[in-house]
Structure formats: structure tokens, C-alpha cells
Amino acid sequence: QSVRPRAMVQATLVDAKAIVVNALVTAAVLGCVGALKRYVVSNRRLNPKDAPLPLARYSNAVEVQAGKRLLFISGQMGATADGQVEGTLQDQCRACFRNLRTILMACNMGWEDLVKMTVYMKHGHPGSLQSFRNAQDEAIGPLTQGPAAATFVFVDGFARPELLIEVEAVAAR
């Protein structure tokens, strides 16, 4: 086995740090640190021109770079923190987004880090898609990077009969 002298390893680390510092200084001089940071830390939203356009507020795909921290969020129901189920579908949709935001913030993440959502909604509620979209727009607002990838599924019911919606998600930062 080849063993590097300690001084050589330290010099290599110093050289690597110098390269990174030089890149950041150069970017700052050119006024593009923000662009560099977004390139390094953002997840890439994809809607290829040869794929169908999304029917709602979602991306066809989101690419997550290797080495990012992943957060898998279990299905969040339309209930308050103490387990009380909200009344209307619109209220339950808002509660789902409130719960998602709480979990994202607890992990030092935000809506921009959301890469995938799966929405389960109970059949038979007129205006259900619009209720969801309204709650999503209220909670998330405009996104600079575009929306997460998403799947919307209608189901017959949930473990608690009063529930009308559940949303699970994946975030990456």
C-alpha cells in the first residue's frame, strides 16, 4: 500500500480549499455568487419539450444532485396538530399544507426544496382539484424554481372516515 506523507495530504486539502475560494472570489467579482449558489444547491425541475405539458402546478420531473440531504414526509392529513380533523375539503387541504410547512421548517427546508408530492383525495367531492389548487397557491405562492413533481390519486377512503385528503412528500436540500 502506498501511504502519502502527512504534509502532502495537508497540501492537497489546502490546494482544494484555495480552488474553491478562488472560484467564489471570481464569481463575486463577476457579480454571480447568487447564480453560482442556485446552481450548486437547487434541484432541477424538468419539463422536456417532447413530453406532455403538466396539467396543473407540477413539473414532469425533478432532478436531485448526488450528496443532497433527503427528507421523506409521511402522508399529512387534513388535521390540526392535536389531531382534530378540519371540516371542509378546502380546510383539510390548507391543513395538509400547514403540516407540510411545519415539517419542512423543522428540517431547515422550505417549499423550494420540495421535489415530489403524492396527493390522495377521497372520491366524490365536487371541485376537489380546484380546492387543492387554491390551498396550494395560498400556502406556497410563486416559486422561483418551479413546482415539485406530483401525482394526484383519487381513493375510496382513509383510515379515519372523516378525512378527505392526505399528502405525502419528498424534499431535498
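Visitor: How many helices and strands does the protein chain have, and which pattern does the chain follow along the sequence?
Guide: In this predicted model, the protein chain has four helices and six strands. Read along the sequence, these elements follow one another in the pattern α-α-β-β-β-α-β-α-β-β.

Visitor: What share of contacts in the protein chain, between residues at least 6 apart in sequence, join residues at least 24 apart?
Guide: The protein chain has 173 residues, of which buried residues make up 30%, and its accessible surface comes to about 10,900 Å², with 59% of that belonging to carbon and sulfur atoms. Among contacts between residues at least 6 apart in sequence, the share that joins residues at least 24 apart is 75%.

Visitor: At what angle do the axes of H3 and H4 cross, and is H3 parallel or oblique to H4?
Guide: The axes of H3 and H4 come within 9 Å and cross at roughly 40°. Angles under 35 degrees would count as roughly parallel, and the crossing of these two helices is right-handed. With a crossing angle of roughly 40°, the relation of H3 to H4 is therefore oblique.

Visitor: Which residues of H3 make the contact with H4?
Guide: On the H4 side, the contact is made by residues including Ser128, Phe132, Ala135, Gln136, Glu138 and Ile140. On the H3 side, the residues that make the contact are Leu89, Gln90, Cys93, Arg94 and Phe97.

Visitor: Is Gln136 buried or exposed?
Guide: Gln136 lies in helix H4, which covers residues 128-140, and, leaving aside neighbours within four places in sequence, Gln136 is in contact with Arg57, Phe97, Met117 and Gly141. Buried means under 20% relative accessible area. Because the relative accessibility of Gln136 is 5%, this residue counts as buried.

Visitor: How many residues apart in sequence are the parts that the salt bridge of Arg44 with Glu63 ties together?
Guide: The structure holds six salt bridges, and in the one that Arg44 forms with Glu63 the closest N and O atoms are 2.8 Å apart. Arg44 lies in strand S1 (residues 44-46) and Glu63 in strand S2 (residues 61-63), so the pair ties together parts whose separation in sequence is 19 residues.

Visitor: Are Arg44 and Glu63 buried or partly exposed?
Guide: Partly exposed residues lie between the limits of under 20% for buried and over 50% for exposed. Arg44 has a relative accessible area of 46%, while Glu63 is at 31% relative accessibility, so Arg44 and Glu63 both count as partly exposed.

Visitor: Where does Glu86, the partner of Arg98 in a salt bridge, lie?
Guide: Arg98 forms a salt bridge with Glu86, the closest N and O atoms being 3.3 Å apart. Arg98 lies in helix H3 (residues 89-106), and the pair ties together parts that are twelve residues apart in sequence. Arg98 is partly exposed, with a relative accessible area of 32%, and Glu86 is partly exposed at 22%. The place of Glu86 is the loop between strand S3 (70-77) and H3.

Terms used. Residues are numbered from 1 along each chain as its sequence is written. This is a predicted model: local features need pLDDT of at least 70, side-chain atom pairs count only at pLDDT 80 or more; totals for chains, interfaces and linings use all residues. Side-chain values use heavy atoms; hydrogens and water are left out. Buried means under 20% relative accessible area, exposed over 50%, partly exposed in between (1.4 Å probe, protein chains only). Contact means heavy atoms within 4.5 Å. Accessible areas come from the Shrake-Rupley method with a 1.4 Å probe; for residues, only the protein chains shown count as cover. A salt bridge is a side-chain nitrogen of Lys or Arg within 4 Å of a carboxyl oxygen of Asp or Glu. Axes are lines fitted to C-alpha atoms, for helices over the stretch in contact, and angles run from 0 to 180 degrees between N-to-C directions. Angles under 35 degrees count as roughly parallel, over 145 as roughly antiparallel, 65 to 115 as roughly perpendicular and the rest as oblique. A crossing is left-handed if the near helix is turned anticlockwise from the far one by less than a right angle, and right-handed if clockwise.
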